[in-house]
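These are my notebook entries on a structure I went through by eye and by list.

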Amino acid sequence: MKVGIFDSGIGGLSVLHHALQVMPEMDFIYYADEAHVPYGEKTREQIKGYIDDIIEFMLGRQVDAIVIACNTATSVATKEYRDKFPVPIIGMEPAVKQAVESYGDLPGRILAAATPVTIAGDKLQNLLEKVDQEHDVDLIALPKLVRFAETGDFETALIREYLLDALKDYPIDEYKALVLGCTHFNYFKEYYKEIFPENTRFVDGNAGTIRQLLRMLPKKPQSGDSSGNVEYFFSGKPVTLKEREKIQRYLEQLDKMKDI
């Protein structure tokens, strides 16, 4: 059985990283659309075009299911859009519902961080109307974190400076949970730990997405037996040895962030 996972860049590796722990026997294709990253600064129509191309690419490689490991891409992919393809397509949304259900009874507020497209989209606004009955959820756009993640430099002081500036008008001491509403944001948990109160929980949608994938996988796979292999592509091209080494460094960073 083979699963395709794609993102605008390397953020979705955090979803793949979790999937490899839960489903080590599965074959995966990981597609980073490096030619068009970041999606969060593109128009909705541009993003829809990228998604169409990537899904057709995945179907050409006979995947049994596709994970849109990108909150921004999911925010523009309607149910009708996903229904037109012959395999299950699992999207992501900021894990606001999970945060509210898990920590809603605790004192404090919840901060949901995402890209500008996700924050402006109807999906997130509709989700907030359903689950944020007490109006405890604040939103913040952190688009530069995507660019920081893509450079792979996780130790620059500029990251902390950017976060402190972006958060300067927010009541940091009041947040009981931080929702990481973009897969690129998972690389920076050590910075959130420094900035937010000690008891702030960090919530992402990776585990929930993989649980949904497991529920939706077909009983009879299209692609035969699995061997635990991962193929990587950057905008449709197989990765080079240097790019594979880059991916390995990202996976190692995710290993460090796993228990934060």
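I take helices (H or I, at least four residues) and strands (E, at least two) as DSSP runs, numbered from the N terminus. The model is predicted, and I kept to its rule that local features need pLDDT of at least 70 and side-chain atom pairs count only at pLDDT 80 or more, while totals for chains, interfaces and linings use all residues. Residues are numbered from 1 along each chain as its sequence is written, and side-chain values use heavy atoms, with hydrogens and water left out.

**Entry: F234**

I looked up F234 and found it in strand β9 (residues 230–234). F234 counts as buried because its relative accessibility is 10%, where buried means under 20% relative accessible area, exposed over 50% and partly exposed in between (1.4 Å probe, protein chains only). Leaving aside residues up to four places away in sequence, I noted that F234 touches A32, E34, V239, E243 and I247, contact meaning heavy atoms within 4.5 Å. The C-alpha atoms of F234 and I10 are separated by 9.5 Å, although the two residues are 224 residues apart along the chain.

**Entry: α1 and α11**

I then checked helix α1 (residues 13–22) against helix α11 (residues 206–216), whose axes come within 9 Å and cross at roughly 55°. Axes here are lines fitted to C-alpha atoms, for helices over the stretch in contact, and angles run from 0 to 180 degrees between N-to-C directions. The two helices are therefore oblique to each other, as angles under 35 degrees count as roughly parallel, over 145 as roughly antiparallel, 65 to 115 as roughly perpendicular and the rest as oblique. On the α1 side I listed S14, V15, H18, A19 and V22, which meet N206, A207, I210 and L214 in α11.

**Entry: aromatic rings**

How many aromatic pairs does a search of the whole structure find? The search gives 12, with rings of Phe, Tyr and Trp (its six-membered ring) pairing if their centres lie within 6.5 Å, and planes under 30 degrees apart counting as stacked, over 60 as edge-to-face and the rest as tilted. I recorded F148 and Y162 as a tilted pair, 6.0 Å centre to centre with 55° between the planes. F148 sits in helix α8 (residues 143–151) and Y162 in helix α9 (residues 157–166), 14 residues apart. F148 counts as buried at 16% relative accessibility, and Y162 counts as buried at 14%. I also noted a cluster in which ring pairs link F154, Y187, F188, Y191 and Y250.
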